[in-house]
Amino acid sequence: MEKETNLRNRKSKTSIEIALASNGKSTDIHNAKDDSNSKGKTPDGTVFRVPVTREMVQSLMDPKESKSFFDILTLATLFFEIALLFLLPRKAAQYLFLGLFLFWRLAYNVGLGILLKYQSDKRGLVKLAKKYRIFEEPRMRKWLKTQLSMKMHQDYDFEISPIEYNTWLLFRQLVDLILMNDFGSYVCFAIAWFNTNPQSSFFMDEQLRWIGGIFLILFNIWVKLDAQRVVKDFAWYWGDFFFLIEQSLTFDGVFEMAPHPMYSVGYIGYYGISLICASYTVLFVSIIAHVLQMAFLVLVETPHIEKTYNPPTAPKRQPIVTESLDDDATTLIKSVLSTNYYSNYFRRDLIVFKNFDLCQSSDLASGLVMVYAAVTPFLVQGKWGTIYAVLQAIFWRLFHSAGLGWLLYAQSKNKFFTRHFVKWGGGVNEAFQNWKSIYNLSSCMTYVSFITLCLKLYSLPSDWTYGMTLLRHTLGLAFVCLHIWTSVSTYEVLGDFGWFYGDFFMDDHPTQLLYTGIYRFLNNPEKIMGHAAFWGFSLITYNHYTFGLALFSQIANVLFLQFVERPHMQKLYGDEIRTEAGLTKTLRHAAQTIPKNLPVSVQQEIAKFVHEQAPNVGLDDAIKETIAKVEKVFTDNNIKSNIKSNKKPHISISSSSDEDISVDSSDEAYGLTLSHFRSTNDLPHNSFFIGERIKVDWIAPEYHAPKDWIGIYRITSNPSKQTTSTSSHGKWYWTNVVYKQEGDEKVSVFPPDVPLKTNGSVIFSGAKLPWHEGTYEIRYHHNGKHKVMAKSIPFEIIAPPMPDRDDEDAIQVLLLRLVQNVLDNDPVKMPMSPIDNYDYLNEQTAKKVAHVIKLVFGIEFAWEVIVADTRVSRLSKRIQHALNALSPFSNQQQIKKRSSTTSISSMTSLSTFPSSTHLDNSMHPIAIAMQQGSKIDDYYDIHDSHIASQGITGTSPTKQSPLHTMHLG
């Protein structure tokens with residue numbers, strides 16, 4: 001489908017253009033033309049000139065280049081693997097190199113992935129370099145300076161380069177070792193498994209295999225070279241995990257051809273080698289390696305790219321009113337509070353099988369039709385069952401492409417479908433909703449009927465190794481996966497509106513086409529790849545009926561695009577429709593420029609090689625010199641530091657294990673005391689409402705450890721009173737930590753770098769709290785271990801009592817307090833009044849709100865509904881409507897048992913306040929109270945609780961409008 005409209009203008013995920021700010025002035029990144037003019041910026045704000053790096057393969061393979069210890073290590077492992085390939089028997093070499101390649105592949109995707117994830121999340125590699133002083137200890141510093149300088153140009157100065165840059169250079173040495181051995185072991189593995197006698201009856205099979213394999217390998221080499229031309233060494237070696245660089249990059253060439261080309265089409269050479277080797281072992285191992293690489297992309301690179309270049313925009317809460325209300329503000333508040341928000345139905349359209357709900361009539365009907373179509377051909381025996389399945393598949397293809405195609409054509413010409421609903425009193429929305437149900441059913445039935453036909457005709461092969469049987473199944477599954485990825489990527493760009501051809505029905509369609517996501521590379525991804533599954537299932541089934549129907553489906557889809565969708569797009573968008581996609585433009589440009597520029601490129605490379613050559617030490621001398629330096633470093637005696645161990649009473653530690661710690665856990669010097677963060681007369685000191693903040697005061701002797709910590713657990717979770725054996729799931733705090741800001745990151749500092757405290761307070765709130773009813777306890781642990789030094793008294797977490805269903809104010813107070821608690825009482829994120837948006841509520845926090853609503857009111861809401869309501873006033877209306885709708889059938893007795901005899905409304909009712917002369921009696925009580933000064937403060941805490949939760953005391957801020965500053969602690 002030619003759905004080129006994107007409703008979301010997203011930034012390119014691979015952009016490395018970062019504007020650096022120095023002394024309040026932005027530096028124009030477009031001034032940088034290459035690495036030599038680039039400037040880097042570390043997380044702490046240090047700006048430095050980025051030295052030019054040398055090409056790894058050239059410096060490694062050139063015998064005239066000086067070799068560092070890391071180069072020698074890399075070359076030695078490569079030569080050792082090559083020697084093993086020729087020395088070992090063929091059978092032994094096959095399994096040895098299979099294991100070696102998997103080892104290096106895991107070292108790449110898992111090992112480097114863990115290191116990069118650690119660096120991305122915690123700046124971990126730089127911290128380790130600082131902790132172990134590897135760039136400060138004299139001998140190590142001198143050795144590393146020599147080794148790293150060998151691989152750099154003359155503009156590199158080890159002494160003045162920041163630690164982030166030097167750490168990155170050291171990390172590059174590990175990357176070179178792993179990547180070169182990953183490639184080398186794969187080539188040796190492929191050679192060891194090369195099939196010298198492939199069996200095939202296909203015409204010119206041998207010649208076609210070699211031609212196809214060589215073409216894929218050459219294409220892979222071009223992709224890698226063109227990608228390296230664009231991203232250069234900085235991105236090639238994940239430099240932005242360590243520092244940011246000022247570098248003007250134009251993502252053209254291969255980056256316009258495919259998403260993440262280095263990891264997607266950049267591994268197509270694996271399949272070229274598999275084709276030449278004619279080995280299923282090489283093919284399947286290549287597929288596994290490719291899958292691991294894509295997992296590395298999804299789990300490591302993509303989160304870092306999103307965090308670094310596409311950080312989420314923090315929503316800003318706009319004040320609804322000021323301290324004084326005028327007539328316009330009064331009208332606004334009345335309008336917001338009186339709107340019947342709860343009557344809006346939160347629709348979840350059925351998209352294939354997504355959002356399937358048996359309680360919706362259209363979903364149930366669609367499901368029954370699909371089951372009927374899938375089962376019936378198997379109930380009819382013999383050839384009539386096959387004929388029925390074929391006719392059924394043809395019917396649904398004709399209905400989907402021809403029938404719905406004509407309907408959309410008529411809708412585009414004169415809004416035929418909409419006119420039908422207008423005739424009977426409906427409108428555009430009703431027409432569009434019915435169209436979506438019809439289109440989704442038709443789309444699903446084309447797949448269900450075709451897959452049913454394939455299952456009817458398919459039979460398991462008796463010999464999987466015969467001919468191309470295994471290859472057919474492998475390619476078939478690959479086509480199915482390609483189809484699924486294409487459909488998901490298309491939906492991510494188009495959304496519900498574009499997926500269901502919304503611009504055929506709605507006039508408020510986007511006026512500008514935005515080619516993002518998969519549409520950056522293809523004008524119409526569904527034109528070919530959108531039918532890959534039909535060809536995949538046909539390959540697996542290997543029957544002329546399925547191949548014929550797949551071809552018929554492809555042709556029908558092309559006709560639909562040409563005569564229905566494209567004319568409509570031309571009518572709406574005209575000249576904005578792109579004539580050439582990124583893929584075709586890149587291939588055309590490469591086909592034109594590569595033959596012309598090849599001789600020039602060769603001359604340039606030769607000139608560059610001659611120009612860069614300088615007097616080099618011979619290879620033998622470099623090896624001898626490096627070995628001598630390494631031996632000198634490692635033969636020197638290590639300086640032994642005397643560690644003074646001060647013996648402390650009641651504690652003796654003989655090892656790092658919890659079982660080896662002998663502590664008198666009954667020592668009265670340790671203690672924990674619980675209290676409510678806000679004093680209340682409603683609950684005893686050992687009972688807390690769910691989500692309510694819990695204050696814990698702790699005391700410890702002077703000899704306690706610097707890394708003691710406190711955690712919350714269910715009282716039944718740990719059978720032992722002396723040792724904690726279960727996880728706190730993140731619900732814990734250090735007792736003696738001090739957080740210091742280093743750049744964009746908070747760093748934890750412990751004694752002796754900060755004073756050792758013997759008492760203090762910890763506030764458990766937000767995600768640090770249990771959000772389920774039950775009995776809990778708090779445990780004080782010793783020195784980062786799980787030895788229990790003290791326990792609190794057991795305490796209960798209970799649901800708040802249900803307010804009167806007719807008391808809207810009380811419901812809003814309860815919900816506002818709940819939302820504030822779930823957002824950790826952060827004044828930046830939480831709503832201050834019922835009509836203030838809770839924009840920071842996400843899936844995780846909304847599920848907690850929905851859970852508490854179910855406990856209090858007995859009503860179950862989907863978390864999407866909570867988020868869609870956007871403010872407490874809407875949510876309270878929805879709850880009241882649900883209570884009224886369910887009251888004849890809900891079990892009110894259980895709810896009444898949990899309800900307190902004292903209603904929340906008695907504590908929060910504002911009806912006793914005198915009426916304002918500026919507001920009529922129909923105004924919301926909170927708005928009326930706003931004109932009455934400080935009386936509202938008797939019921940709502942107006943101060944910054946977030947500061948108080950950090951242990952900072954101070955005077956209360958100036959009172960403001962309650963609608964803007966209400967905080968229910």
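# Close-up views of a predicted model

**Figure 1. Helices H12 and H17 side by side.** The axes of H12 and helix H17 (residues 544-573) come within 9 Å and cross at roughly 5°; axes here are lines fitted to C-alpha atoms, for helices over the stretch in contact, and angles run from 0 to 180 degrees between N-to-C directions. H12 and H17 are therefore roughly parallel to each other, a label for angles under 35 degrees, while those over 145 count as roughly antiparallel, 65 to 115 as roughly perpendicular and the rest as oblique. Helices (H or I, at least four residues) and strands (E, at least two) are DSSP runs, numbered from the N terminus. On the H12 side, the residues that meet H17 include Thr386, Val390, Arg397, Tyr409 and Lys413; their partners in H17 include Tyr545, Phe552, Phe560, His568 and Lys571. Sorted by class, this contact of H12 with H17 has 13 nonpolar, seven polar and three charged residues. Ala, Val, Leu, Ile, Met, Phe, Trp, Tyr, Cys and Pro count as nonpolar, Asp, Glu, Lys and Arg as charged, and the others, Gly among them, as polar.

A note before we go on: this is a predicted model, in which local features need pLDDT of at least 70 and side-chain atom pairs count only at pLDDT 80 or more, while totals for chains, interfaces and linings use all residues. Residues are numbered from 1 along each chain as its sequence is written, and side-chain values use heavy atoms, with hydrogens and water left out.

**Figure 2. Helices H12 and H13.** Helix H12 (residues 383-414) and helix H13 (residues 416-423) have axes that come within 6 Å and cross at roughly 75°. That makes H12 roughly perpendicular to H13. H12 contributes Trp406, Leu407, Ala410, Gln411 and Asn414 to the contact (heavy atoms within 4.5 Å), and H13 contributes Phe416, Phe417, Thr418 and Arg419. By class there are five nonpolar, three polar and one charged residues.

**Figure 3. Helices H3 and H6.** Helix H3 (residues 90-122) packs with H6 at an angle of about 150°, their axes 8 Å apart. That makes H3 roughly antiparallel to H6. Their contact is made up of 22 nonpolar, three polar and three charged residues.

**Figure 4. The largest nonpolar core.** This core has 71 residues, and those with the most contacts inside it include Tyr165, Phe189, Trp238 and Phe242. A nonpolar core is a set of buried Ala, Val, Leu, Ile, Met, Phe, Trp, Tyr and Cys residues joined through side-chain atoms within 4.5 Å. Helix H6 (residues 163-192) supplies the largest share, 13 residues. Leaving aside neighbours within four places in sequence, Phe189 is in contact with Gln94, Phe97, Leu98, Thr281, Val282 and Val285.

**Figure 5. Phe242 in its loop.** Phe242 sits in the loop between helix H7 (205-236) and strand E5 (244-245). Phe242 is buried, with a relative accessible area of 1%; buried means under 20% relative accessible area, exposed over 50%, partly exposed in between (1.4 Å probe, protein chains only). Ser120 is 122 residues from Phe242 in sequence and 7.8 Å away in space, C-alpha to C-alpha. Beyond neighbours within four places in sequence, the contacts of Phe242 include Pro43, Arg123, Glu164, Trp168 and Phe171.

**Figure 6. Asn440 in helix H14.** Asn440 belongs to helix H14 (residues 428-457) and is buried, with a relative accessible area of 3%. Not counting residues up to four places away in sequence, Asn440 touches Leu350, Ile351, Val352 and Phe500.
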